[in-house]
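Here is a guided walk through a two-part question: what holds each piece together, and what lies between them? Keep the viewer open and follow along.

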Amino acid sequence: MIEVKNVTKRFGEGEFAVTALGDVSLSIPEGSFYTLLGPSGCGKTTLLRLIAGFELPTNGEILLDGENIGHLAPHLRPVNTVFQNYALFPHMSVARNVGFGLEMLKRPKAEIDSTIEEMLELVQLGELAGRRVDQLSGGQQQRVALARALAPRPKVLLLDEPLSALDLKLRKGMQTELKRLQNETGITFVFVTHDQGEALAMSDHIAIMSAGALRQVGSPEEIYTAPKSRFVADFIGDTNIVNAELLSFEGNKANIRFKDGSPLLVPAASTALKPGPVHVALRPETIRIVDATDDTALLKGEVIDSTYYGAGSQMLVRLDDGVEVHAQVVSPHILGSRVGLECDTAMLHVLED
Amino acid sequence: MPGASRISRDANTTLLMAKKERSRQTRRARFLLLLPVLLVIGIFGLFPLSIALVYSFLEPGTYGGVEWVFSTDAYVQFLFERDIFDDTLTFNSAYLQIFGRSFGLAFITMIGTLILGFPVAYFIAARPPEQRNFWLFAITLPFWTNLLIRTYSMLLIVRDEGIVNLLLINMGIINEPLEMLYTDGAVLAGLVYSYLPFMILPIYASLEKFDFSLLEAGHDLYASRVQVFRHIIIPITRPGIVAGCVLVLIPALGAFITPELLGGGKKLMIGNLIALQFGAGRNWPFGSAAALILMALVLISLLISLRVGAAKEGSHG
């Protein structure tokens, strides 16, 4: 288990100092697949590098199983990294790359050899042991990088956007592969990505970051269905954010009203919100299109665009207050027609800001 | 259909002929491109070398030049001394000592430039790309001045009344000037100074392509700084290191100006020995023989070092 406690990281001095991470705390459960998700420059890679030891925290502690490792050099931490560009050693064979960590740990030769074999088997590259790494394809290099980082049996494996250099098909395959490796080895994986699809598909826990701070931590379902803030809702998937008026709270549900509509009880990110205008998240796949005159229509608007994508169509509706809303439908309505939008009120979600 | 198979065989033959013609053309183009270099090497390299080879088997002329009489005396003279009275040969190690000292000095020069040059090359390669040209420019700046002039200015620095001694005496560290000029140390310092860029540039060339994230990968995989240096930096930059060593060792072996000026010509080096034979010594055959022996020794040691390098590469793969 990794605990990051009040970690701050500043680069530079004085007036040129840049705060990459500001007072971040999180805990990563043992054996989990933990994803740090956020746009570029949000501090996710800095956090990963702090855990690896390539950077030292300005303030705060990093605990691994209760022991503070925050100020140890990288080679003294039982943590290995899979680099974005793989960083394989070009002057060594595949086998020696994989065995490098154990060689540095001065393990017996027999153990190193059997681990190399086992690891290459694990990533399905057994027949390539003797190859030079520059003779491998991108996907194969990726597997070697994984095998090399897993071979010393680290307590934590850090993955820095390892799939970003692969093409779409390979990436999908590697997602499944990574998940399988994590299950088989039981090692804690800390995965950094800016791709929310990747994060949702693979993670046990997702921590969403922006501007050097944590925005929300939770399971993929929690993050997807109950985003706390506009930023999270925006970043995860293509959620619509519509305007509503908050009337009151009933228990932990919010009593809200869309323009000219009747009051609805919907889930809310926080019960501390003040009555008045609020933003509500509305998932495109939960929307049903009804007649504009229908009583069940929560929102009304005009169809301004539709895009066919095979399994259905994405329709763009401009609401009466000017907000544009995406809806996934099986058969789109003709452009310019007036429609009503309806959805299960449990699928709506009042955001904090 | 017999007709069809014949046509396809004809087509194959035509294709084969076209391919042959194509490869003949590429070969000719390649030869034409190589021709200027071949001419230069032939005229200014092989031709003088052949003259030296021929001269080394002739007898010296009284006023320089050669007598066209076949003789192996030049080579015999290298190892033995001929008694003027009874013509008996006794072993004479004087020239071997000159060779040995030159090799020793050149080797120490090589090690010195390597120790000084590697960090410099690493420093330049680790700069942002737009700053590197400035540093490379600074490294090559000394070449703008003639080696002779640079060596003379070095002489001014290290002589008894030179800057170093004046400074030390004025600071009260020493009373008597240190005798630095005309010592092996002065020659060594001069050689290291002159040949340092030849070490820095090839190492820089191999470091320029170096992926510095490999260092992090090494640290991450439990290698200490020293181990990263030994197992990652050194093997990857080995071609540059070998090239630098060769580029320093060989010219340092034949160095002439530096030992002459800074060493005061007190102890002969190979370069001075050879130059002497064509000048005051008036023994062209012996000068040629010494030059050829030097070349042979350099070639042999290069071949051995290549063999060793290749064997090491093999064990890595």
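**Loops, strands and contacts**

Lys106(A) sits in the loop that links helix 2 (94-104) of chain A to helix 3 (109-122) of chain A. Its phi is near 60°, a positive value in a residue other than glycine. Is Lys106(A) buried or exposed? Lys106(A) counts as exposed because 8 C-beta neighbours lie inside 10 Å, and the limit for that class is 12 or fewer.

The model is predicted. It scores ipTM 0.78 and pTM 0.76. Chain B has an average pLDDT of 86, and 94% of its residues score at least 70.

Now take chain A as a whole. Its secondary structure comes to eight helices and 20 strands. Along the principal axes, its C-alpha atoms fill a box of roughly 80 × 45 × 40 Å. Of the 353 residues in chain A, 41% are buried. Consider the contacts in chain A between residues at least 6 apart in sequence. Of these, 64% join residues at least 24 apart.

Start the strands with strand 1 (residues 2-11) of chain A. Strand 1 of chain A pairs with strand 2 (residues 18-28) of chain A in the antiparallel sense, over seven bridges. Lys9(A) has Leu21(A), in strand 2 of chain A, as its bridge partner. The two strands form a hairpin with six residues between them. In that turn, Gly12(A) has a positive phi of about 85°.

Strand 1 of chain A has another antiparallel pairing, with strand 4 (residues 59-64) of chain A, over five bridges. There Ile2(A) stands opposite Leu64(A). Move on to the loop between strand 4 and strand 5 (67-68) of chain A, and you reach Asp65(A). Phi of Asp65(A) is near 50°, again a positive value in a residue other than glycine. Asp65(A) counts as exposed because it has 12 C-beta neighbours inside 10 Å, and exposed covers 12 or fewer.

A further hairpin joins strand 12 (residues 253-257) of chain A and strand 13 (residues 264-267) of chain A. These strands run antiparallel, and four bridges join them. Ala254(A) stands opposite Val266(A) in strand 13 of chain A. The hairpin has six residues between the strands, and Asp260(A) takes a positive phi near 65°.

Strand 10 (residues 213-218) of chain A contains Gly218(A). How many other C-beta atoms lie within 10 Å of Gly218(A)? There are 18, so Gly218(A) is partly exposed; a buried residue would need 20 or more. Leaving aside neighbours within four places in sequence, Gly218(A) is in contact with His205(A), Ile206(A) and Ile223(A). Ile208(A) is 10 residues from Gly218(A) along the chain, and their C-alpha atoms are separated by 8.8 Å.

Next, the interior. In soluble globular proteins, nonpolar side chains tend to be buried together. The largest nonpolar core here has 102 residues. Those that touch the most other members are Ile51(A), Val98(A), Ala147(A), Leu158(A), Val190(A), Val280(A) and Val350(A). Helix 4 (residues 138-150) of chain A gives the most to this core, with six residues. Look at Ile51(A). Not counting residues up to four places away in sequence, Ile51(A) touches Ile2(A), Ile62(A), Val79(A), Leu158(A) and Val190(A). Another core, of 41 residues, lies apart from the largest one; among its members are Ala74(B), Phe118(B), Met154(B) and Phe286(B).

Chain B is divided into domain 1 (2-55) and domain 2 (94-316). The C-alpha centres of these two domains of chain B lie 40 Å apart.

Finally, where do the chains meet? The contact takes 17 residues from chain B and 19 residues from chain A. On the side of chain B that touches chain A, helix 8 (213-220) and helix 9 (225-253) of chain B each supply at least two residues. Helix 8 of chain B gives the most, with six residues. This side of chain B divides into eight nonpolar, six polar and three charged residues.

Methods:
Residues numbered from 1 in each chain as written. Chains lettered and ligands numbered in written order. Contact = placed C-beta atoms within 7 Å. Nonpolar A, V, L, I, M, F, W, Y, C, P; charged D, E, K, R; others polar. Domains from an automatic or database assignment. Core = buried A, V, L, I, M, F, W, Y, C linked by C-beta atoms within 7 Å. Pairing = 2+ DSSP bridges. pLDDT = per-residue confidence, 0-100.
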